[in-house]
Amino acid sequence: MSSTTKPSTRAVVTAPAATQSISARKSRIDPLYYFFLFPALAIFTLAVTLPAVLGFVYSFTNSIGFGDFQFIGIRNFIAVFQDEGVLSAYGFTLGFALVTVIVVNAVAFLLALGLTSRVRFRAALRTVFVIPMVVSGIVIAFVFQYLFSNSLPLLGEGMGIEPLATSILANPDLAWLAIVFVTAWQSIPSAMLIYIAGLLTVPAEVYEASSIDGATPWHNLRHITLPLVAGYAVINMVLGFKNYLNTYDIIVGLTDGGPGVATRSVAMSIFRGFEGGDYAYQMANAVVFFLISIVIALIQLRFTRGKGGIAA
Amino acid sequence: MLPPLTSNGTGVSRRTFLAAAGGALTAFGLAGCAPGGTRPTVTFHQSKPEAVPYFRDLAAKFSASQDRVRVLHDMATNLSASFVRSSPPDLGCLNYNLEMARFMERGALSDLSDLPAAASIRDDVLDLTNWYPTYAGRTSVIPYSVMAASVIYNRRIFEQNGLAVPTTWDELIEVCEVLKAAGITPIYGTFRDPWTIAQGLFDYTVGGMVNVRDFYKKMHEIGENVGPDSEVSFQKTMLEPVKRMVQLTTYINPDASSRGYGDGNTAMAQGQAAMYFQGPWAFGEIEKAGTDVDLGTFPLPMTSDPADLKVRVNIDLSLWVPEVANAQEGARAFLQYLMQPEIQNSYNAEFLGFGTSKDAPAVTDPRIVEMQKYYDQGRFYMGASQFIPNSIPAANYFQSIIGGADAESTLRRMDADWARLAFRA
């Protein structure tokens, strides 16, 4: 690879090259790899797969999580599709995830562009921009809830800006914007780091060649940078969408599903539901949610196949 | 620095050093598994935040006063999970509500009727536990402390405006109008926290007009057939109280939708509003502001007949021992200790609760003393919002009604949720 790659990205860059040579060299896998794999696989199966399978089984019962229960077939699933609350939660969650993915990726990419160019105090700036990622989601949510409920309205009153004077969190039509904002605020650093890694893999010679051919910075961006970091964009979008579908802690801190049930996400419905003893029904909801998430991920991967070396 | 990899003479090799360190750490870890002490432990679960230090002291005193059992005060266990694992706490001291009733209904709580403490409870208070579905033939819980809640009002503001405590709906509206005209916020709303709407505005308005117990009994019978044509339903029975609730919100502070429980307590402590729809637990919070404010309570009048006045109660603390508890004897001994009149009465005096036993003394705190006569005469009800399972986000629905959503369609949605819940039960 190019000599301009930084040491921190060498792991990302050389891993694909290394696995190719290993599988080409050896046809038999060293049993040591199985030993390394086994503990993680065992824990994952016990802690994630087994409960998921149990949950799937329970979704055909009327269990409340403990005690006696009976099998009731697909009644829970029928009820899920007729439940107005569940359907509106899906609508809100999907719309929210879509908007947040776009916002996060756009801003993260621009920030990454800025932080890989020759600005001063690059290292310090990168540290500053990474800070939102290390603070816990619920803490961020409560702090922003205070800002939106108290500080911003006070500012709006003082400056005479009428729309700002009422808390955005109390508006059923606009509260979701606040949630998008706070989620983006927390998620942009990790997306930005991935984009920085991607931008640093673009060899400098390519830019030199294009400048010889008289390309403008806009041309560089559109025809060189974007295609070459497309793979990283795919990673960000697939992972990001999955994460935003599961949004929970930020909503709890900001609006608690309110005002009314305007910002109740699917994860919230599931969790609050089985806290209230509605265990089997919410397991059915969770199964449906799982299937929808898989379908969305498959659609994403299908659309982006071939557009980036990493996802193909 | 770590020792060298292999030993060369007198030095300790790295392997030996690491093996020894690993062995020592394992020994420390395993030491924690050894049985602690000679007395069996009674796990006592009590999580009401304001009362935690109080009960922690009681547990310590009991452990020191005898040598048969040791009481461990636990606050953090997730109860549902512990029941699923068949390792619940030995003695529970918790709010008695629909979620707890679920445990009782399935026979998870042992029968306490043979204890002398059970016989000392007032009949109408013990009957409150029957409002929820019960396990027949058992005394599964012993009520320990009842909280009575009604409208908190600022006595000085009422005096300064020449107002008397209203006893009918029309008088209440008049009081609000007078206050509004004088530029004082009649009612302080904290609508950012949905539970304050459910336990305050909704429960008080419904409880003053609807027979809560009969309503839910019929709702359980009707089950999945609840709708606009059923005998009772949210959209039919609750429509009038909810409409009046919305009418009351014309008298609240304009920023209520972005104010929470804490803001409400601070505002009342500073005398910024005349009335506050909260329970006695708020008094402790209001006290913390350290202001000199004179508060009292009166039941919310919803009809034109003062005889309909009732206060909202809930069994704030109740004692229970699970069937599968390990230390049954120790748990019952501690239960008896807690039920001693000196201990129970001093708890209720300090935390503004009403005693549950037949010879419980009358409350003396001026803030809640006005509710004593209603409690004595049995003129109380349990809050309607406390009978709706958590899977129906009732508090959020009330929040949207207050925020402007159509009351009838929201109540219709609650009926649909109830029917769906009954369908798959």
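A: Of the 425 residues of chain B, 44% count as buried; that takes 20 or more other C-beta atoms within 10 Å of a residue's own, while 12 or fewer makes it exposed and anything in between partly exposed, with C-beta atoms placed from the backbone. This is a predicted model: local features need pLDDT of at least 70, side-chain atom pairs count only at pLDDT 80 or more, and totals for chains, interfaces and linings use all residues. Residues are numbered from 1 along each chain as its sequence is written, with chains lettered from A and ligands numbered from 1 in the order in which they are written.

First, the setting. Chain B has 19 helices and 11 strands; these are DSSP runs numbered from the N terminus, helices being H or I of at least four residues and strands E of at least two. The C-alpha trace of chain B spans about 95 × 55 × 45 Å along its principal axes. Among contacts in chain B with a separation of 6 or more, 78% join residues 24 or more positions apart. A contact here means two C-beta atoms, placed from the backbone, within 7 Å.

Now the part itself: an open sheet of chain B. Its 4 strands come in the order β6-β7-β5-β8, with mixed pairing. Two strands pair if DSSP finds at least two bridges between them. β6 (185-188) and β8 (295-298) of chain B are the edge strands; each has a single partner, so one side of each has no neighbour in the sheet. On average, neighbouring strands are turned by 30 degrees against each other, direction ignored. β5(B) and β8(B) run antiparallel and are joined by 4 bridges. In that region B:I152 stands opposite B:T297 of β8(B). Strands of a sheet pair through backbone hydrogen bonds, either parallel or antiparallel.

Next, the helices around the sheet. α13(B) lies across β5, β6 and β7 (273-276) of chain B, at about 130 degrees to β7(B). Axes are lines fitted to C-alpha atoms, for helices over the stretch in contact, and angles run from 0 to 180 degrees between N-to-C directions. In α14 (residues 281-288) of chain B, the buried residues include B:A282, B:F283 and B:I286. The buried residues of α14(B) fall within an arc of 105 degrees seen down the axis, so they line one face of the helix. That arc is taken over the directions from the helix axis to the C-beta atoms. An α-helix has 3.6 residues a turn, so residues three or four places apart point the same way. Cover for the buried residues of α14(B) includes β5 (151-154) and α13 (261-269) of chain B. Just after α14(B), B:G290 takes a positive phi of about 70 degrees.

Last, the core. The largest nonpolar core holds 171 residues, and A:I179, A:Y195 and B:A148 touch the most other members. Such a core is a set of buried Ala, Val, Leu, Ile, Met, Phe, Trp, Tyr and Cys residues joined through C-beta atoms within 7 Å. Helix α8 (residues 175-201) of chain A gives the largest share, 14 residues. Domain 1 (41-148 + 314-382) and domain 2 (149-313 + 383-423) of chain B both contribute, so the core lies between them. Those bounds come from an automatic or database domain assignment. Leaving out residues up to four places away in sequence, B:A148 touches B:V311, B:V313, B:F354, B:I368, B:M371, B:Y375 and B:F380.
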